[in-house]
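Please have the sequence and the model at hand while reading.

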Amino acid sequence: MTLASPGLTSEEAAVRLDRDGPNLLPAKPPTPLWRRVAGQLRDPLIVVLLVATALTAFTGDWTDMTVILLVIVVNTGVGVTQEVRADRAITALSTLTAPTARVVRDGAQREVPAAEVVQGDVLVLAEGDIVPADARLGEAAALLIDESALTGESVPVDKNPGDEIAAGTVVLRGRGRGEVSATGAASATGRIAALMVAAAGLTPLQRRLVGVGRLLAGVTVFLCVVVGALGLVRGQPLELMVITAISLVVAAVPESLPAVVTLSLALGARRMAARRALVRRLHAVETLGSVTVLATDKTGTLTEGQMVVRRLWTPAARAALTGTGYGPDGEVEGDAAPEAFAGLLTAAALCNDARLIRGDGEEWRALGDPTEAALLTAATKLGLDRGELNRRYPRLAERPFDSARKRMSTLHRLPEGRSKAICKGAPEVLLRAPALADDRALLDDAAAEAARLALEGYRVLAVAEADLPGIPEEVPEEGLRLLGLVAILDPPRRAAAGTMAACRRAGIRPILITGDHPGTAGAIATELGIIGPGEPVVDCRALATSDGHSGASVYARATPEQKLALIEDMRADGEVVAMTGDGVNDGPALRRADIGVAMGGRGTEVARQAADLVLADDDLDTVVAAVDEGRRVYANIRRFLVYGLSGGATEIAVMLIGPAFGLALPLLPAQILWVNLLTHGLPGVALGGEPAEPAAMRRPPRPPDQSILGAGLWQRVIRIAVVLTVVTLGVAVWALHTGRPWQSMAFFTLGAVQLGVALGSRARPGSLANPALLVAVAGALLLQLAGLYVPLLRDLLSTEPLAAGDLLIVTALSVLGYAAARLDRILHREPVPEAVR
């Protein structure tokens, strides 16, 4: 079919629509709510808690049962909510598809719903249109397409007849016609949507907690069976030992762990919200603390996402420009006076179709080609007024930019019947044009300078002009003289270099993965310290999608499929990968990374919905704060595990060893459950709010394959449990041999020493950084005393009141729990590696 043909008939279009389906993106079928809930309840730790719920109901401990059920409901609700939010990532792609499209049908141009565009349709495109389907161009007039959302290219692309255009791209300038080659799932946007259908895997914390749940379930049940069997061998009643074993199961399982995890993550999310970062999945907070690799996009993530003039060159001078954005802020820096570049920038502002306008928030916006907007901004920084220039030199004629000539020319009126021709374009074309009247040595110098700037990652334009004695009918392109070169770049964000340096100090390796040109990628990466001068940049056009990554730090010309493959390769190598991005092409990688971080300001809705963390103000420095927050969360979870497991181990050890010292049944089931409720309740949960340790960001990330119980945690649990067991049994044996109420004294000691461990586990002892823990410990201690002195509780727990002297002795000895925790922290203090000090 030729593009001059009448296009498809309505009947042909209907047949193809029925055959190929509508021009819609693939979608994952909705998951029933019951299936989501069942998936959350399969978590091993939740299974243990469900068993504990049944056991507490069997023993009649309705309070403990209610607490455990509440933890299960909250944890399951949070998990289901996260899943529902994550599934919205694909639906955001629909915003890229125009609701309608212009096609040629039955010999006439008509507007149809974009979903009804079919393969073979002739698309009619104009400025501002969103391309509704992939197409091959048959006609193109000054057609400029913004492909940044799909490819990561920061510079719009000129399109010619025969070129392919992709669904979801935007027409910035010109017009064209093209025959549709792919729709729906077969289009470029559809292929990206297909990559995002796969479900995200478990986070590192979730994987570690699964292991903890399985281990605790096995060990706890085994030890409690042993306790029950030994009791029966000693002649204890069967019913009593069954209830005791069940009580120990409940006591040994840290049922507050999910609550501690949820609270820690929620506090982290709240702190991140204060930094204008939206946490879409709670576990993302902790995952950043585990990150070993930060893979980042370039355009709009490490850079400002808009073109800015950075270098000026004339045959007589050169200079640099400062400032960002489209406003007048910034200045010319160089040996020559700014006026030396007035002619160059005046010509660049006149041979220009872009406009700068001020928005409601007083920020400047550009209309038109971003490159031309950058030229206007540079002229403004020099004090040149576009309106005044147009009044002094009104445009008489123009020859628009086209890809064959690679330049734009305009004609302007001068006083006394004269005129001026201005031409701007690609240096490799303009500097070799016979129309330039400059000597060859000057042009060779300019060509060498243009090549040097291009190697540094700049987009370079040459500007020339000619003064004419009269006013020709057409724009002439002869007798031009070179005014100079303008080098344009999408500049790095101010915070980007500091963020990269902070990542390195924290042991995180930054990697740049972009769809942009290798030279541009290398220049930005070098400036930000991601690579050193001269280090290689991998051009992904030379790689197959399935190729493994080579350990490089910069990848250019990466397609969405290759970005995804690189992320998966790094994860397969055991890395914990964070991916930052803002474009549609980043969506699959954001979805598949251990944590996706999207730019919320200029980022696409696709990127925001695919990500776990959204930076509302696009401040990349927030990523470093999030890493610190993640490490705090993980440290608090481990802090609770040391506290909770050491207490549970003490209770089991007391029940196992006590009979050897004449204590037939050291503790009654009700007493075990009471101590467990007080210690694993509010004090345990309050530990999740501990502040970060000062050296957290000067240590490398923990190994990805390290268990949450690793790095010496088991040894710490055992050391503290030994001290608590010795103190509890010591008090009980002394009381037994001196005629005191030994069981009541063992009961109070066991609870008090565990509360001492909670105080000794604080991240910053002596401070008021976490007052909730102090209040929780004080309240738990008062309730423990109530168990001895309140008649109703004494009857429930079968305790006896202690004399004041005995209470003072037991309380003093309980301080050993605090001392054990503090001494253990001193002995186990992790050194800060020299490499990151």
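At the start of helix α13, the backbone nitrogen of T371 lies within 2.8 Å of a side-chain oxygen of D369. This is a polar contact, defined as a pair of N or O atoms within 3.5 Å, where, within protein, one must be able to donate a hydrogen and the other to accept it, and residues adjacent in sequence count only if both atoms are side-chain atoms. The model is predicted: local features need pLDDT of at least 70, side-chain atom pairs count only at pLDDT 80 or more, and totals for chains, interfaces and linings use all residues. Residues are numbered from 1 along each chain as its sequence is written, and side-chain values use heavy atoms, with hydrogens and water left out.

Helices (H or I, at least four residues) and strands (E, at least two) are DSSP runs, numbered from the N terminus. A residue is buried under 20% relative accessible area, exposed over 50%, and partly exposed in between (1.4 Å probe, protein chains only). Two helices are set out below.

Helix α13 is largely enclosed by the rest of the structure, because 11 of its 12 residues are buried. Among these buried residues are P370, E372, L376 and K381. After α13 comes G383, with a positive phi near 90°. Helix α26 is likewise largely enclosed, since 18 of its 19 residues are buried.

Strand β19 (residues 481-489) is mostly covered, with 8 of its 9 residues buried. Strands pair if DSSP finds at least two bridges between them. β19 pairs in the antiparallel sense with β10 (residues 308-313) over 5 bridges, and L312 stands opposite V486. β19 also pairs in the antiparallel sense with β18 (residues 459-468) over 7 bridges, where A487 is the bridge partner of V460.

A nonpolar core is a set of buried Ala, Val, Leu, Ile, Met, Phe, Trp, Tyr and Cys residues joined through side-chain atoms within 4.5 Å. The largest has 123 residues, and L288, L302, I530 and L613 have the most contacts inside it. Helix α22 (residues 621-657) gives the most to this core, with 15 residues. A second, separate core of 35 residues includes L376, Y393, F401 and L414.
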